[in-house]
Amino acid sequence: MTVQLPTDRDGDVSIRPAERADLLAVARIENVSFPQPWPYEAFDRFLGEPGFLVAVVDGRVAGYVVADVTSSVGRRVGHVKDIAVHPERRGEGVGSALLSRVLAVMAAH
């Protein structure tokens with residue numbers, strides 16, 4: 001399911017499951033966002049998981065989130081593992097939109 005949300009710039013943000021074609025953009029955002037970034041291969045392992053979502057603005061990946069649900073002491077617990085937004089898109093609500101959507105996805109699982 002794609003969710004359309006307004007941004008402060010030209011386009012809308014569309015949130016959808018990550019695809020293999022998104023991985024290079026995700027890795028680039030990761031590299032500019034963190035001093036110890038995840039390697040490309042780490043994202044590849046999460047492809048197809050319901051908690052790996054990307055935000056697309058004007059046809060380009062603007063951010064991503066990786067989350068999962070695990071068992072802990074007999075309960076299912078959601079865990080946001082990684083979230084980042086391209087520096088040029090920060091402050092536009094992209095990260096908040098990603099977090100809101102992934103929380104809904106995790107609650108459904």
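Lys81 and Asp68 form a salt bridge, with their closest N and O atoms 3.4 Å apart; the term stands for a side-chain nitrogen of Lys or Arg within 4 Å of a carboxyl oxygen of Asp or Glu. Because Lys81 lies in strand 5 and Asp68 in strand 4, the pair ties together parts that are 13 residues apart in sequence. Helices (H or I, at least four residues) and strands (E, at least two) are DSSP runs, numbered from the N terminus. This is a predicted model, in which local features need pLDDT of at least 70 and side-chain atom pairs count only at pLDDT 80 or more, while totals for chains, interfaces and linings use all residues. Residues are numbered from 1 along each chain as its sequence is written, and side-chain values use heavy atoms, with hydrogens and water left out.

- Strand 4 and strand 5 (residues 75-85) pair in the antiparallel sense over 10 bridges; two strands pair if DSSP finds at least two bridges between them.
- Asp68 has His79 as its bridge partner in strand 5.
- There are 2 residues between the strands of this hairpin, and Val73 takes a positive phi near 55° there.
- Asp68 counts as buried at 17% relative accessibility, whereas Lys81 is partly exposed at 33%. Buried means under 20% relative accessible area, exposed over 50%, and partly exposed in between (1.4 Å probe, protein chains only).

**Other salt bridges**

- The whole structure holds 6 salt bridges.
- Arg20 and Asp44 meet through their side chains at 2.5 Å, N to O. This pair links distant parts of the chain, 24 residues apart: Arg20 sits in the loop between strand 2 and helix 1, and Asp44 in helix 2 (residues 40-46).
- Arg20 is exposed, with a relative accessible area of 53%, while Asp44 is partly exposed at 29%.
- Arg89 and Glu92 form a salt bridge too, their closest N and O atoms being 3.2 Å apart, and both residues are buried.
- A network of salt bridges links Arg16, Glu19 and Asp22.

**A look at Asp22**

- You will find Asp22 in the loop between strand 2 and helix 1 (23-33).
- Asp22 is buried, with a relative accessible area of 6%.
- Neighbours within four places in sequence aside, Asp22 is in contact with Arg16, Pro17, Val54 and Val61; contact means heavy atoms within 4.5 Å.

**Nonpolar cores**

- The largest nonpolar core has 16 residues, and those with the most contacts inside it are Ile15, Leu53, Val94 and Leu98. Such a core is a set of buried Ala, Val, Leu, Ile, Met, Phe, Trp, Tyr and Cys residues joined through side-chain atoms within 4.5 Å.
- Two or more residues of this core come from each of strand 2 (12-17), strand 3 (52-57), strand 4 (60-72) and helix 3 (94-108).
- Helix 3 gives the most, with 6 residues.
- A second, separate core of 14 residues includes Val26, Phe43, Leu47 and Phe52.

**A nonpolar surface patch**

- Val80, Ile83, Leu99 and Leu103 form a nonpolar patch on the surface, together showing about 290 Å² of accessible area. Patches are made of residues with over 30% relative accessible area and no salt bridge, like charges being joined within 9 Å and nonpolar side chains (Val, Leu, Ile, Met, Phe, Trp, Tyr) within 5 Å. Accessible areas come from the Shrake-Rupley method with a 1.4 Å probe; for residues, only the protein chains shown count as cover.
- Strand 5 and helix 3 are the elements that give two or more residues to the patch, and Leu103 belongs to helix 3.
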